[in-house]
Amino acid sequence: MKIECTIDTKALSLSVNSNKPLSLMLMEDVGNRSLMSHCKGEACGNCIVLLNGEAVLSCIIPAFRLKDATITTFDSYQKTRQCRDIERAYAKTGNTPCPNCYASKTLIIESILQGLTNSRTNRMPNPMTNRSQHEDNASEMLNKQDIIQELSLNTCQCMDMTELLEIVEIALTFRRRKRVRRN
Amino acid sequence: MYEGIRSPVIHTPKTLSEFNAIALRYTQAQLWAGGTYLMSQKNYYPSEIKDGIIDLGGIDELKKITRNDRFVEIGSMVTASQLLYAGKLVLPDILQQTLQTLASQIVRHQITIGGSLCIPDVRLALSTTLAILDATAEIKHYQNGKVSSHWIQISKLYDKDGNLLLNAEKALMTRIRIGLDFGDFQRFFTVEDPIRNTDECVIFAFQAKRTQNTLSKAQFCINFPSKAFHMSKDLESKLTGQTLPIHPEKVNSISYELVAELTKQHSNITDLQLERGRRIFESTLHALNAQELQS
């Protein structure tokens, strides 16, 4: 099957099996360096990428759902200004995830920050109200329990939850300051 | 591509009538809703898929949520996230709580309601809660070139071990209907992750309706993923009609009756799961008593 999509700002046309997981595509066909393993259903949470701006587990996205999709892996995300907020939070707390889960944990934190700052774009319409989830999210502020649930998606034990929560909190402060300055 | 393995053909129907035609022609085709369960199987890729895959993602008729005075109807391709966002005003609290605990937000965007209910061998939280809410599902059967449609109670879709009784290759769940006449006391508990820690997981849902100081209706479902999907008509009828608050000794005896029933009918539940299930059930009845005494 021929899949045309954009991976890390490069428009690509890939010939792959239609049911191949995105994580394997990125490792085998694109040569992505930030994805290191394919857990085969172990739910390790180490394969997070941004699909059309939204964090997803790439091991449960089949190739046939990727037509005209925009995929951002950690390779290109780490060069963005958003990533700086999280890196500064790592530096400030003195806690950094291990190399195995660094990419995924950073992208999960990015997804949480997007939810908290309500800055997500490209949302699916809500089938009941025809409003976008963006509007719905205005009243759907993530609470601490939700943040813990999100962070638990990655099973690597290199950091404890208190450290991760502190990082999210500091990164959120940086992100909000940036938004205030921009406005 | 892997040598010797053909890339499966992807059928992408846009309407239900297109789906009907494809399903009758390619009887062995695999139905694809969100794909979270299928892709998390160890032998998922590479593997041969006969007759290809029918991607349900393009059928708009399966993505609607409608509501009237009596019930809410949810299309089987509505995602857990969409239902959670849409359902704040229309769904019972217990269902919202269930959807929140289903998975993290990142995965909830992908889990579909129909997909979650049609997993062949593992029952997750959504089936447990919908079973006690007396929800029904519209199932379309495809056999001998004919399509027939039936409404079936969610609790009747599974056997006592939680296995799906439908032959998913020849049936499609299109809508789920939830009545709006639900009980005023609802509790939902999930202990441990049903996917990562199946052997220790317990999922429990309970709802009861109170009339003055009497339990006029009580329903519960206790689920041990891939081991037991237990609803007890006997215990439900024992609870129904009880005067509130229920005496602590009665609570204790009923909870041990539940354990006896579970041990008799399901041999593979671990002791830890049994004890967890009993304590959750008992604490739910105590919470019911506490709420009654407060009001």
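How many salt bridges does a search of the whole structure find over all chains? The count is 22, and keep in mind that this is a predicted model. Side chains of opposite charge can pair when their charged atoms come close.

Start in chain A, where the side chains of Arg84(A) and Glu87(A) form a salt bridge, 2.9 Å from N to O. These two sit 3 residues apart in helix H3 of chain A, so about one helical turn separates them. Arg84(A) counts as partly exposed, at 39% relative accessibility.

Glu73(B) meets Arg175(B) in a salt bridge of 3.0 Å, N to O. Glu73(B) lies in strand S5 and Arg175(B) in strand S8, 102 residues apart. Glu73(B) is buried at 9% relative accessible area, while Arg175(B) is partly exposed at 29%.

What about the place where the chains touch? There, 42 residues of chain B are in contact with 45 residues of chain A. Together the chains bury about 3800 Å², 52% of it on carbon and sulfur atoms. In chain B, Tyr45(B), Tyr85(B) and Ile106(B) lose the most area to chain A. Across this interface there is 1 salt bridge, and Arg65(A) and Asp55(B) meet in a salt bridge at 2.5 Å, N to O. The interface also has 12 residue pairs in polar contact.

How values were computed:
Residues are numbered from 1 along each chain as its sequence is written. Chains are lettered from A and ligands numbered from 1 in the order in which they are written. This is a predicted model: local features need pLDDT of at least 70, side-chain atom pairs count only at pLDDT 80 or more; totals for chains, interfaces and linings use all residues. Side-chain values use heavy atoms; hydrogens and water are left out. Contact means heavy atoms within 4.5 Å. Buried area is the accessible area (1.4 Å probe) that two parts lose on being put together, summed over both. A salt bridge is a side-chain nitrogen of Lys or Arg within 4 Å of a carboxyl oxygen of Asp or Glu. A polar contact is a pair of N or O atoms within 3.5 Å; within protein, one must be able to donate a hydrogen and the other to accept it, and residues adjacent in sequence count only if both atoms are side-chain atoms. Helices (H or I, at least four residues) and strands (E, at least two) are DSSP runs, numbered from the N terminus. Buried means under 20% relative accessible area, exposed over 50%, partly exposed in between (1.4 Å probe, protein chains only).
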